Amino acid sequence: MSGKPLLTVKHLKTYFEIPSNRREKQYVKAVDDVSFVIREGEVLGLVGESGSGKSTIAYTVMGMERETGGEILLDGVNIAGKNGKRPRTFQKNVQIVFQDPGSSLNPYRTIRQILTLPLKVHNIVPPAERRDKLHEILEMVELPDTFLDNKPGTMNGGERQLVSIARALCCEPRFIILDEPTSSLDVSIQAKIINMLLKLRNEKRLTYLFITHDLSLMRNISTRVAILYLGKMCEIAPTETFYRKPLHPYTRMLLSSIPVISEEEEALKPEKTVPKGEIPSPVNIPSGCCFHTRCNRAMEICSKEDPVMREVESGHCVRCHLFRDCPASGQI
Amino acid sequence: MDEKLLEIKGLKVWYKTYRGDARVVNGVDFFVRKGEKVGLVGESGCGKTTTMKSVIRTLDEKAAEIPEGEVLFRGKDVLKMKKPELQKIRRHDIAMISQSPMSALNPVFTVGEQIMDIIRFQGDIPKSKAYETALQAVKSVMIADPERILRSFPNQLSGGMCQRICIAMALVTPRELLIADEPGTALDVTVQDQIHSLLRKLVSDRKMSLIMITHSLGVTRELVDRIYVMYAGNVVEESPTAELFRRPLHPYTQGLMKCVPRLSGGGVSAGIYGYIPDYINASPGCRFCPRCSRATEACRTRRPPLVSVGENHRVACFLYERDAGKEELK
């Protein structure tokens, strides 16, 4: 847990209004009071099922959705700009790679055009040096120069995702949000992309927020893991601790349902809990702790009172009534 | 138990494109015994779904051509069947569950109507009896409040619920063979886990055969008895589950196993070099050879046949051809 805080998210809330005829407004609470800190050099894994709000957090940080409440700080400076736009320095320093490289690259532009735009906008290099810069960037992601005049449609999924990564690297960012960058790819290609990302992280001293639903992948690349459920954070811990001693009943349920390929891994899974039900609709979030409807250790208090984040051991925080005796956590 | 329920012999499927024929399935041999659970593993585009679609002949016949091969179901060639006979097989013997449950159901009819449709298609069955059967079917896939579900439209249900309905629909009448095409892929891990244990229970209760199409080695390890690994239209390795994970032999299987991120840590492997080949101008040799680190000259010119390397364990790779010969000599 070294390094100074790069991105601080405090009590972030993102609600979406549902059109309805009723007098009182209804909201989808996609992100509800989430706080975390990402320190320089970290890879924070944000894991959750679909509908848990992990992508919404990314979009809110990027300014693609407007926050309903809370603060986002980069290097300790609030990034809320006028009318919800992010300041230019933020846009240069923080980049995002989307899940589906098929739809996040403009099919009518060549790779050259796609990669030149961020160079122009942020004025990274003088116009005369752009050519060299493009070659340098392609070399970084190990794509051949011949791709420059191709359009995304002629490339396969893995190559397209490498272009997306190259585009993010163009403006020399310090922090990249990776929103499920490999979930639409095959494992052999995924391994390649992940290695590329880890190599770039070492070379460029990047910090990642890695959004995924794959806990086995997170085990291998993150330094800390956070679990989201229905817009709220359940558990956050350094990777080693997290996998050695998962505490939240939801985390244990997730870990126990992963299909694995060796006995050694089987032994690491928590005892088999049969998953109950599915993630409820975020419009009608259950009262109290939102997980109590699926929890196998639910108590009476769980349906009444929402637990607070408590620090069980150094850096390992859990939001569950089972750990009522531990002190409430500060900044996590 | 030894009787082969379904046997595919030398199946080839070509898709016609404007550039020429894409040889997507390039000579697949495959069989399922009665009551056996078999997995078909491979990455996207390797022809697993195409192979299985040709079993119940739901391929688009304008685009796909089957130049060679046989699909024997109980000894009869499905590919040569006339429509009434084929309908009978689809109606009574083989069921298939598709990958995306949301798009497999018709959005303008309620779930109940759709299930009852299938039941009444079996013969002249009164509506009230069909409703009872539908209710039973929905109950058997562990759905709480089945009456409400039967009244709902698919868009009112979650993905996991829709997949359960699809399974219920596939199994309203007794079937001998269930083909499940990545039934859990579109779902979250916890829901996927539920669907898989449901499948496991139903299949063993009813003594059906199961073909599980998936891209995940982990899923096959938990669910099936025997695995076929496919790469670019060929079966490259065939083995009982435990044996495959203990001793993967084909370089592709080995590479694939290394690529799967482990819960026990240890980093991520470098992946498999290159990408899947072009199916239109594919080389006559081994299709994995451009990505293989152990390729030799022979791999480029000749296609390796499946050779036996142990009990029920067969590999299509020249590395093991000599070993296989030795074993036979002994």
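Me: Two residues are in contact if their C-beta atoms, placed from the backbone, lie within 7 Å. With that in mind, how many residues of chain B are in contact with chain A in this predicted model?

Reply: By that cut-off, 36 residues of chain B are in contact with 33 residues of chain A. Helix 8 (189-205), helix 9 (217-223) and helix 11 (251-259) of chain B are the elements that give two or more residues to the side touching chain A. Sorted by class, that side of chain B has 15 nonpolar, 15 polar and six charged residues.

Me: Okay, now a single residue. Why does Arg33(B) count as partly exposed?

Reply: Just count its neighbours. A residue is buried with 20 or more other C-beta atoms within 10 Å and exposed with 12 or fewer. Arg33(B) has 17 C-beta neighbours inside 10 Å, so it counts as partly exposed. You'll find Arg33(B) in strand 2 (residues 20-33) of chain B. Arg33(B) and Ser209(B) are 176 residues apart in sequence, yet their C-alpha atoms are 7.2 Å apart in space.

Me: And what makes helix 1 (residues 48-55) of chain B mostly covered?

Reply: Six of the eight residues in helix 1 of chain B are buried. They are Lys48(B), Thr49(B), Thr51(B), Met52(B), Ser54(B) and Val55(B), and buried calls for 20 or more other C-beta atoms within 10 Å. After helix 1 of chain B comes Arg57(B), with a positive phi near 50°.

Me: Why are helix 4 and helix 7 of chain B called roughly parallel?

Reply: Look at the angle. The axes of helix 4 (residues 111-121) and helix 7 (residues 159-170) of chain B cross at roughly 20° and come within 9 Å. Angles under 35 degrees count as roughly parallel, and therefore helix 4 and helix 7 of chain B get that label. Their crossing is right-handed. Helix 4 of chain B makes the contact with Val111(B), Gln114(B), Ile115(B) and Ile118(B), while helix 7 of chain B brings Ile165(B), Ala168(B) and Met169(B). By class, that contact of helix 4 with helix 7 of chain B has six nonpolar, one polar and no charged residues.

Me: Switching to chain A: what makes strand 6 and strand 11 edge strands?

Reply: Start with the order. Eight strands of chain A form an open sheet, 6-7-8-3-9-10-12-11, with mixed pairing. Strand 6 (94-97) and strand 11 (310-313) of chain A each have a single partner strand, so one side of each is left without a neighbour in the sheet. From one strand to the next, the twist averages 20°.

Me: How do you know that strand 6 of chain A pairs with strand 7 of chain A?

Reply: Pairing needs at least two bridges, and four bridges join strand 6 of chain A to strand 7 (residues 175-179) of chain A. The two run parallel, and Ile96(A) stands opposite Ile177(A) in strand 7 of chain A.

Me: What makes strand 4 and strand 5 of chain A a pair?

Reply: The cut-off is at least two bridges, and strand 4 (residues 69-74) and strand 5 of chain A have two, in the antiparallel sense.

Technical notes:
Residues are numbered from 1 along each chain as its sequence is written. Chains are lettered from A and ligands numbered from 1 in the order in which they are written. This is a predicted model: local features need pLDDT of at least 70, side-chain atom pairs count only at pLDDT 80 or more; totals for chains, interfaces and linings use all residues. Axes are lines fitted to C-alpha atoms, for helices over the stretch in contact, and angles run from 0 to 180 degrees between N-to-C directions. Angles under 35 degrees count as roughly parallel, over 145 as roughly antiparallel, 65 to 115 as roughly perpendicular and the rest as oblique. A crossing is left-handed if the near helix is turned anticlockwise from the far one by less than a right angle, and right-handed if clockwise. Ala, Val, Leu, Ile, Met, Phe, Trp, Tyr, Cys and Pro count as nonpolar, Asp, Glu, Lys and Arg as charged, and the others, Gly among them, as polar.
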